[in-house]
Amino acid sequence: MARIRLDNLAHTYMTYPRDDRDFALKPMNVEWEDGGAYALLGASGCGKTTLLNIISGLRAPSQGRVIFGDTDVTECPTAERNIAQVFQFPVVYDTMTVRQNLAFPLRNRGMDPTRIRNRVQQIAKVIGMEAELDRKARGLTADAKQKISLGRGMVREDVNAILFDEPLTVIDPQMKWELRTQLRRLHQEFGHTMIYVTHDQTEALTFADKVAVMFEGRIAQLGTPEELFRKPQHTFVGYFIGSPGMNLFEAEVDGRQARIGPHVIPLAADYGRPEGRVQIGIRPEFTRIAASGGIPVDILRIEDVGRHVVLRARHGGVAVNAILSEEDTLAEGATHAVFDPAEIGVFVDGWRRDPVEGASA
Amino acid sequence: MRKVQNNGAWLLVLPVFLLVAFSAVIPLMTVVNYAFNDSFGENEFFWNGFDWFKEVIDSDRIRGALWRQFLFSAIVLLIEIPLGIAIALTLPKRGFWASLVLVLLAMPLVIPWNVVGTIWQVFARGDIGLLGVVITSFWADFNIGRDPLSAWIVVVMMDVWHWTSLVVLLAYAGLQAIPEAYYQAGRIDQASRWAIFRFIELPKLKGVLLIAVLLRFMDSFMIYTEPFVVTGGGPGQATTFLSIDLVKTALGQFDLGPAAAFSLMYFLVVLLMSWVFYTVMTAMDVEGGTQ
C-alpha cells in the first residue's frame with residue numbers, strides 16, 4: 001500500500017502535439033493519500049480511463065512521473081507495480097473455473113495453496129459466488145463474469161492500490177448497490193487505496209471520501225463531496241455535481257457587487273474587478289423565490305421530487321432552478337429569484353475566483 | 001411458437017442434392033462398382049463380394065504404406081503446429097513489417113506442388129544441391145536415393161517448408177482477434193509470459209488451431225506429388241505413402257478392383273481421423289463443463 005503521486009503528468013496520443021488541446025491529459029500534479037477511497041468523476045472522453053491506465057502502467061505518460069510512496073515507478077511495467085485494476089467490461093479466463101480465476105493473481109505470485117484456498121473462499125463470499133466456485137467461467141452471464149473480475153481485483157491483499165474503471169456498468173441495479181456497499185466495507189476492512197472511475201455522481205459521492213472531478217483532461221477539483229458542493233472550483237464542477245446543477249449567469253463584478261444585466265446582486269466579499277469571462281454561480285439550494293429583489297424570472301414548472309420541490313424558471317434565455325422545501329409555499333406574485341450572498345461563487349474564465357485578500361472580512 | 005411440418009420443404013434441398021450427386025456420389029459409385037466386382041474387360045462384371053477389401057487389408061505392402069503415412073502425418077503435425085504458433089507469436093502486430101512478413105510467409109503456399117518437389121529434389125542433391133552438399137561435407141553421407149533416413153528428412157523438411165506458413169497465418173489471425181483487455185488483465189494479474197500464452201492466447205486460438213490441424217492432417221495424409229517428384233517413393237518403399245501406392249496399384253499394375261477397394265478405405269480413414277480430431281478438440285472445450 002502506498003501514497004500515489006502524479007508529478008507534472010500529462011499525456012497526448014499524438015506524436016507532435018501543437019497546443020494544449022492535443023493533450024488528452026493536461027499537465028497535472030495530484031496526490032492520492034495512502035488508504036483513501038477516491039472517485040474519479042467526469043463525462044465520457046474526459047481522460048478518466050487514460051489517467052487510470054497511466055497509474056497502473058498499461059499506458060506510458062508523455063511526460064511527468066508516477067510515484068508510489070517514495071519510488072518512481074514511471075518506467076516500471078504493470079506487473080512490477082503490484083496494482084489491481086477492474087475494467088469496464090468483464091475479462092475472465094475462459095478455460096478456468098471461477099475458483100481458478102480468483103486464484104490466478106495469487107498463483108502468479110507463488111502463494112502457498114492453503115492460503116490461496118482460504119483467500120479465494122473469502123472473496124467468493126464477498127462477491128456472492130461461493131456456490132459457483134467450481135463452474136467454468138465461460139458459460140456465466142455478463143454480470144457474473146464482472147463479479148469475477150471484481151473478485152480478482154480484490155483478491156491480493158498487498159496491492160499498492162485497486163483501480164476500478166466503471167466496474168458496475170454491466171451489473172444490474174440491485175446488485176450494483178450491494179457490490180458498492182461491499183467495496184466500501186472492503187475498503188474499511190483492508191484499507192487499500194482505491195480509485196473508482198465513474199460518470200455517475202451518485203456512485204462517486206457514495207463511494208468516495210474524496211472525489212476528483214475531471215473536465216477536458218484536467219482535474220477540475222479534488223475534494224470532499226461537501227467541498228464540491230459548497231465551493232466548486234470550476235463552473236463544470238458546479239454544473240456537473242448536484243441535481244439540478246448550479247445556476248450560472250454571465251455577470252460583471254465590481255467589488256461587493258455583481259451585475260446581471262441591469263440587476264444588481266450583492267456579494268458577501270470584495271472580488272475586485274475581474275477581467276475576462278466573468279460568471280456568478282449559485283446552487284439551487286440557496287436560491288429563493290420572492291416578490292422582489294434578485295432577478296426577475298419566468299416560472300416554467302414545479303417538480304415534486306419527494307423530500308423537496310424543484311422549481312424550474314428562466315431569466316432571459318438562462319435556466320434558473322431553485323430547490324424549495326415542501327413547507328415553502330410559493331407566495332402569490334413571487335416572480336424574483338433571490339440568492340444567498342454567502343453562497344454565491346465568482347468564476348473567471350470558468351475557474352473560481354477568491355475574494356481579494358484582506359477585504360473579505 | 002408452433003412448428004409447422006411441411007414436407008414440401010424437401011424440394012428446396014433438391015438442387016443441392018442433385019449437385020452433390022453428380023459431383024460426388026455418382027463418381028464414387030463407379031469406384032464402389034469396381035470395388036465389389038471383378039472384370040476381364042468387355043464391360044462384363046462378376047460379383048466379388050469383399051474379396052478385394054480382404055486382399056488389400058492383408059497386403060503387407062499396403063499395411064507398410066499405411067504405417068508410413070501415419071508416421072509422416074504425425075511428424076508433420078508435431079512440427080508444423082507448434083512451429084507455426086511460435087512464429088505467429090513473434091510476428092510484428094501491425095505496420096509495414098507486418099505486411100511484408102505476411103507476404104513473404106505466404107510465398108511457399110502459392111508454389112505448385114510439382115515445383116516444390118523439384119526445388120527440393122535439386123536442393124537435396126549431394127553433388128549440386130545446397131542442402132545435400134552442406135550435409136555431406138560437414139556431417140555425413142546424405143543421399144536420398146540410397147539412404148531412407150535422408151529421404152525422410154527431406155520429405156518432412158519439404159512439407160514443413162511448404163505448409164507451416166498456413167498454420168502461421170491462421171494462428172496470427174487468431175492472435176490478432178484477442179482483445180487488448182485480456183493482455184491488460186494478464187499484466188494486472190502479474191501473469192508470466194508462459195501463463196499469458198497458456199491461459200489467454202492458447203484458449204483463444206483453439207478454433208483456428210482446430211482448422212489448422214484438420215487441414216494439415218488431411219493434406220499430409222493425402223500427400224502425393226511432392227514425395228513422388230523428390231523420391232519417387234524410394235529408396236525401396238521407404239517413402240511410399242498411401243497415395244503413391246494407390247497410383248502404383250491402379251495405374252502401374254492396372255489392378256482396378258483392389259485399387260477401388262483401397263480408395264474407399266482410404267477415404268473412410270481420412271474421414272474417420274478428421275472426425276476423431278474434431279470430436280476430441282471440441283470435447284476438450286466442454287471438459288469439466290458448465291452443466
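This is a predicted model: local features need pLDDT of at least 70, side-chain atom pairs count only at pLDDT 80 or more; totals for chains, interfaces and linings use all residues.
Residues are numbered from 1 along each chain as written, and chains are lettered from A in the order written. Local features need pLDDT of at least 70, and side-chain atom pairs count only at pLDDT 80 or more, while totals for chains and interfaces use all residues.

**Exercise 1.** Find what Ile123(A) touches, leaving out residues up to four places away in sequence.

*Solution.* Apply the contact rule: heavy atoms within 4.5 Å. The partners are Leu102(A), Gly151(A), Met154(A) and Val155(A). Now check one pair. Ile123(A) and Val155(A) are 32 residues apart in sequence, yet 6.4 Å apart in space, C-alpha to C-alpha.

**Exercise 2.** Describe how chain A meets chain B.

*Solution.* Count residues first. In chain A, 27 residues are in contact with 19 residues of chain B. Then count salt bridges (a side-chain nitrogen of Lys or Arg within 4 Å of a carboxyl oxygen of Asp or Glu). The two chains share two salt bridges. One of them joins Arg152(A) to Asp189(B), at 2.8 Å, N to O. Last, look at the elements. Helix 3 of chain A gives the most to the side that touches chain B: four residues.

Key:
Side-chain values use heavy atoms; hydrogens and water are left out. Helices (H or I, at least four residues) and strands (E, at least two) are DSSP runs, numbered from the N terminus.
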